[in-house]
Each structure stands twice: as C-alpha cells, then as structure tokens.
Amino acid sequence: MTTALITGATAGIGAAFARRLARDGHDLVLVARDGKRLREQATELHDRHGVEVDVLVADLSTEDGIAAVESRLAEPRKPVDLLVNNAGFANKGRYLDVSMADELKMLKVHIEAVLRLTSAATEGMRERGRGGVVNVASVAAFVPRGTYGASKAWIAQFTQGAARDLAGSGVRLMALCPGFVRTEFHQRAGMGTDNIPGWLWLDADKLVTAALADLARGKTLSIPDPRYKALMGVVKLAPRGLLGGVTSRTGRKYGPK
Ligand SMILES: NC(=O)c1ccc[n+]([C@@H]2O[C@H](COP(=O)([O-])OP(=O)(O)OC[C@H]3O[C@@H](n4cnc5c(N)ncnc54)[C@H](OP(=O)(O)O)[C@@H]3O)[C@@H](O)[C@H]2O)c1
C-alpha cells in the first residue's frame with residue numbers, strides 16, 4: 001500500500017487527484033485550510049474505496065502551515081510515496097491592482113511551499129530509492145501573465161531542474177501544466193469566465209488521468225491535452241509583445257465581487 005499527500009485537496013484538481021488515487025488503492029493525506037470539508041471528503045473516500053485517509057489542516061501561506069506539512073512528509077515511519085503540490089489561487093486584478101500582501105501570499109504558496117514540501121518529500125524518497133512528486137504549474141508558465149504566470153514558470157523550471165538532478169535515484173518529478181479547468185479557481189478569484197471559449201475548458205478528472213499517465217511514462221513536464229499542446233507550440237513561435245497583449249486579457253475579466 002502506498003501513500004499520497006495532496007495539497008489543495010478540498011476542491012477542483014486536488015479533489016480529482018484524491019478521488020483517482022483513492023480509487024487506485026492509495027492511502028491519502030489531504031491538506032487544505034477547510035477542515036470540515038477535508039473531513040467530509042476523507043470519510044467519503046474511506047467509505048467508498050476502503051483506503052486510510054488522514055486530514056492535515058494547514059494554511060500554506062503561513063510558516064506554521066508549511067512546517068506542519070514538512071514534518072508529515074519527513075516522518076520516516078509513515079513514508080509518503082507520492083506528493084502532489086497542487087494548492088494555489090489567483091489574485092483579482094492586474095499588476096499594481098493587487099496588494100503587496102496578496103502578491104507575497106501567492107509567492108509563499110506557489111513558490112516557498114512548493115520548494116520546501118518537494119525537498120521534505122524527496123529526501124526520504126531518494127533514500128528509499130522510489131517516489132514521485134507532481135507540482136501543479138499552469139500553461140500560464142509559458143506566457144507573460146503577472147505574478148501568477150511568473151510563479152508558475154518558477155514551478156515548471158524548478159521541477160524540471162530538480163528532476164534532472166535526481167535522475168537515476170528512483171524519484172520522479174513532474175510539472176503539470178493545465179489550461180483552463182472547470183474548478184472553483186476562477187470564482188474564488190472573482191474572475192468572470194464569459195470570454196473563455198468553451199473548447200478551451202478541461203475536465204479535472206480527465207486531466208488527472210492524463211497527468212498520472214505522463215508521470216508513469218517518466219515525463220518531467222506534462223501539458224495533458226492535445227489542444228493545449230498545439231496552442232503552446234504556437235506560443236513558442238509568437239512574438240512576445242503580441243503574446244503579452246493577448247495573455248494579459250484572456251481569462252482575466254473580473255466579475256463583480
Ligand atoms: N482551474 C484552472 O483553470 C487552473 C489552470 C491551471 C493551473 N491551475 C492550478 O491548479 C491548482 C489547483 O487549482 P484549482 O483550479 O483546483 O482551484 P480550486 O478549485 O480553487 O482549488 C484550490 C485548492 O487549493 C486550496 N488552497 C488555496 N489556498 C490555500 C492555502 N493558502 N493553503 C492550503 N490550501 C490552499 C483550496 O482549499 P482551501 O480553501 O480549503 O484551503 C482548494 O482545495 C492551482 O495551483 C492552480 O494555480 C488551475
């Protein structure tokens with residue numbers, strides 16, 4: 001029996017990872033801030049799939065929250081075989097509309113927490129000679145898109161670099177770069193989604209299936225959908241100025257909040 005720890009497991013992509021990994025027979029540690037929601041989810045997954053599901057309430061924008069999850073990942077008697085660093089959010093507004101406190105909170109969750117939790121998990125994995133880490137970035141990593149895109153670019157670069165450094169150790173690391181996924185993400189950020197064409201939306205469960213297949217294949221970067229693979233091919237060739245004009249608008253229409 002293996003154990004997976006998933007951050008941001010109460011909703012969206014993280015909840016889809018939890019459903020899929022429980023169905024596959026993995027014990028789980030679910031991390032997020034909303035304890036009530038986590039406990040309901042743990043009971044449901046345990047009852048449905050017979051796996052052990054622990055709950056760890058932690059706010060990854062705080063020192064205490066990150067340290068609590070680091071401790072769990074470093075616990076040698078209860079090894080974690082798969083870490084999914086998925087917790088994340090968007091801020092409402094473009095650069096200078098967002099308060100410095102909110103910008104720094106994003107860097108704490110998207111960068112500091114991902115660095116520290118990946119390191120806490122992979123030390124033990126390297127000693128055991130096996131394990132995996134999925135760090136959820138975004139296709140926003142490949143385009144100019146404020147602090148959000150920059151933090152996701154860090155995740156993509158860091159993960160691929162660490163994967164290379166740990167090659168041959170039995171530890172796999174993969175950055176997952178989804179496009180638009182139907183979750184609570186946009187609503188939480190107060191973003192309207194009317195200007196995002198229907199064909200660009202991905203389903204969280206299908207995304208997770210494709211991501212886990214890519215991890216099993218040993219990929220270090222996963223863009224798990226042919227539509228987005230093609231789009232990112234175009235992005236590589238597009239002039240940066242034109243790209244910035246399009247990407248700073250797309251999906252950033254803010255609804256009333
Ligand atoms: N949806 C998209 O279109 C999309 C596209 C590309 C990448 N992504 C990335 O995918 C990841 C998951 O997003 P999602 O779309 O599934 O969003 P979501 O439905 O809003 O879920 C976000 C999850 O993160 C948790 N979370 C947020 N802030 C946290 C904090 N400070 N500490 C601990 N947990 C926290 C939330 O739980 P609590 O509120 O209970 O803490 C929730 O479980 C994010 O990293 C996001 O950047 C999303």
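1. Basis of the values. The model is predicted, and local features need pLDDT of at least 70, side-chain atom pairs count only at pLDDT 80 or more, and totals for chains, interfaces and linings use all residues. Residues are numbered from 1 along each chain as its sequence is written, and side-chain values use heavy atoms, with hydrogens and water left out.

2. Ligand shell. The ligand is surrounded by 31 residues, where a residue is counted if one of its heavy atoms lies within 4 Å. The closest are Thr10, Arg33, Tyr148, Thr183 and Arg188. By class, the shell holds 15 nonpolar, ten polar and six charged residues; Ala, Val, Leu, Ile, Met, Phe, Trp, Tyr, Cys and Pro count as nonpolar, Asp, Glu, Lys and Arg as charged, and the others, Gly among them, as polar.

3. Polar contacts (pairs of N or O atoms within 3.5 Å). A side-chain N or O atom of arginine 188 is 2.8 Å from a ligand oxygen. For lysine 152, a polar side-chain atom lies 2.9 Å from an oxygen atom of the ligand. Leucine 60 uses a backbone N or O atom, 2.9 Å from a ligand nitrogen. The protein buries 97% of the 890 Å² that the ligand exposes when taken alone (Shrake-Rupley method, 1.4 Å probe).

4. Elements at the site. Helices H1 (12–23), H5 (146–165) and H6 (185–188) each give two or more residues to the shell, and H6 gives the most, with three. Helices are DSSP runs of H or I with at least four residues, numbered from the N terminus.

5. Helix pair. H1 packs against H7 (residues 204–216) at about 65°, with the axes 9 Å apart; axes are lines fitted to C-alpha atoms over the stretch in contact, and angles run from 0 to 180 degrees between N-to-C directions. Residues in contact (heavy atoms within 4.5 Å) include Phe17 and Leu21 of H1 and Leu207 and Val208 of H7. This contact comprises nine nonpolar, two polar and three charged residues.

6. Phenylalanine 158. This residue lies in H5. Beyond its neighbours within four places in sequence, phenylalanine 158 contacts Val114, Leu115, Thr118 and Asn135.

Notes: Polar contact = N/O pair within 3.5 Å; in protein donor to acceptor, adjacent residues only side chain to side chain.
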